[in-house]
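Colleague: I'm new to this one. Can you put it up and walk me through it?

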Amino acid sequence: MAKRRAFDVTTLPGFTTIAILAFVLLYAPIVTLVIYSFNGGNSVNQWGGFSLQWYAIAAQNEAVQDATARSLIIAVWASVISTTVATMAALGTTRRGKFKGQTIIYVIINQPLMVPEIVTAVSLLIFFSSVKVATGYSGLGYLILAHSAFCIPFAYLPIKARLEGMDTTMETAAADLYATPWQSFRYVTLPLLLPGVIAGAMLAFIISLDNVIITEFVKSAGQDTLPTYMLGQLRRALTPEVNAISTALLGLTVLILTLFVFVTKKWD
Amino acid sequence: MSRQTPGRSKGLNGWLLSTPALILLLLAASGPLLIVAVYSVLEKGDYSGVRWILSGEGWFRVLFEKDIFDHTISLADANLSIFWRSFKLSIATTVITFAFGLPTAWFIATRPAKSRAFWLFLITIPFWTNLLIRTFAIMEVIRNQGILNTFLMHFGLISEPIQILYTDTAVLMGMTYVYLPLMVLPLYAAIDRFDFRLIEAGYDLYASRWQVLRGVILPIIKPGIIAGCILVFIPSLGAYVTPRVLGGGKNMMIGNFIELQFGQGQNWPLGAALSTVLLLVVLVSLLVYTRASSRDNPNG
């Protein structure tokens, strides 16, 4: 058996070592950040025992409260809007065979994934700054619009994948039983598609919650979200408070991802 | 297909259902890109913004500068060094992430089916974690009182902290760190489809491990390699957050240079021209990618 293992064709020299090293390097900084967020001391440099004080300080900080509320409002709107339009687009572009202009639709939908975010951010700054002057409106709408558009490909991909994995026999059966197109969508297609829609909405939510660059360029004064607030804090020294906020956001991401895996696995 | 749908209505439905998404994207993603191109050929405004007069000044200033006194034209060295730094760091990031990414993807793909999902999940978490948080995390490690320096000093390898933060090395380490998952995932997808019996065949024909890697594995997973390299190279070239946080104000990349033109620099046409350049470089890379992958796979 030992001899057989030495001849295992899937083993390449050094690959396992480098892979383990990569995982260690990938997680060591994140783990450090998390540990230091529970630091009881006053500085980021010295360990002063376990404490939740920085979470308490962050939670009581009004700027953090406002930024958190704003981040959540934007992320909820952006994921609802992007998932809705992405579901429609996925229904329109899959399982019907190829049609004229399909490639153009793909390119436009996936465009936010291809264009460097800084370029999108700059273009939105230019565009929205003239719209702001022309309309006098400078509310959260711009951020919601920008986030919604940016999240579309992230919502679209899992929904499209789910649709491509579904066969059309159920809908054909529904049609044979005189269901109207709307009935067969509402009672057959949508329930089958739901895991994909939920997965898409989750990814869109994370992407919106994490967005830094576009938000930084589009936001008006006093419209900080959690990530832009943290970026702004960096002008001063790195504080344990930022560590605490980062850890909380990280926790939320891991939670959503675990749910995501659960949702996509369970229905299969 | 038992239900017959006339070809025209298929396409019509496809377009109709996609319309809301397309409107949103044209309004807040694709459309504004055209405005950038227009702004790049306008005259710069007094403080910010533009005057609606046609001008080549923005494009001229991408590469050249004019002396304010004697009007002599010379190459803008500061800009060139920023372009060179961006290019150099992006290539280095791509190479290093590949060196780590290939073994990592291979490792995951060769795990037993049960634990594979777990290892894949371990790669997915950093992938979806906020880029800013990951940049903070690496900053924590490399700063002067951070664990790396503390560790090295504790073991007497260095006597005083090495200044890594706010150097090009810091930016390179940061980009390698944040973009590694982008390399691993497409490589994994390619290796996952790989038929391991081919390796066996290679060994049966007396190939060495190195020959198997170079002659069998790498050519077959080439589309995954190209995809991974493009996925790392493009965001590296346009990086903004990582160089801003880890490079300090001095070690700018193109992304930061563009931002500067819309902030303190108050030169929107130059910023717009630089954005257009970045966009064109990315489009060319994508074209090269599509060409390369369609040549490898003529049927798909």
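Modeller: Helices here are DSSP runs of H or I with at least four residues, strands are E runs of at least two, and both are numbered from the N terminus. It's a predicted model, where local features need pLDDT of at least 70, side-chain atom pairs count only at pLDDT 80 or more, and totals for chains, interfaces and linings use all residues. Residues are numbered from 1 along each chain as its sequence is written, with chains lettered from A and ligands numbered from 1 in the order in which they are written.

Colleague: Why does T135(B) count as buried?

Modeller: Because T135(B) has 25 C-beta neighbours inside 10 Å. The cut-off for buried is 20 or more other C-beta atoms within 10 Å, exposed is 12 or fewer, and partly exposed is in between, with C-beta atoms placed from the backbone.

Colleague: And which residues does T135(B) touch, not counting those up to four places away in sequence?

Modeller: T135(B) touches G174(B), V178(B), V241(B), T242(B), V245(B) and L246(B). Contact means that the C-beta atoms, placed from the backbone, lie within 7 Å.

Colleague: OK, what about chain B overall: how many helices and strands?

Modeller: Chain B has 13 helices and four strands. Of its 300 residues, 42% count as buried. Its C-alpha trace spans about 75 × 75 × 35 Å along the principal axes.

Colleague: Back to helices. At what angle do the axes of α7 and α10 of chain B cross?

Modeller: Roughly 160°, and the axes of helix α7 (residues 168–192) of chain B and helix α10 (residues 222–237) of chain B come within 8 Å. The axes are lines fitted to C-alpha atoms, for helices over the stretch in contact, and angles run from 0 to 180 degrees between N-to-C directions. That makes α7(B) roughly antiparallel to α10(B).

Colleague: What's the cut-off for that?

Modeller: Over 145 degrees is roughly antiparallel, under 35 roughly parallel, 65 to 115 roughly perpendicular, and the rest oblique.

Colleague: Which residues make the contact?

Modeller: Among them are M175(B) and Y179(B) of α7(B), and L231(B) and V232(B) of α10(B). By class, the contact has 15 nonpolar, three polar and no charged residues. Nonpolar is Ala, Val, Leu, Ile, Met, Phe, Trp, Tyr, Cys and Pro, charged is Asp, Glu, Lys and Arg, and the others, Gly among them, are polar.

Note on methods
Two residues are in contact if their C-beta atoms, placed from the backbone, lie within 7 Å.
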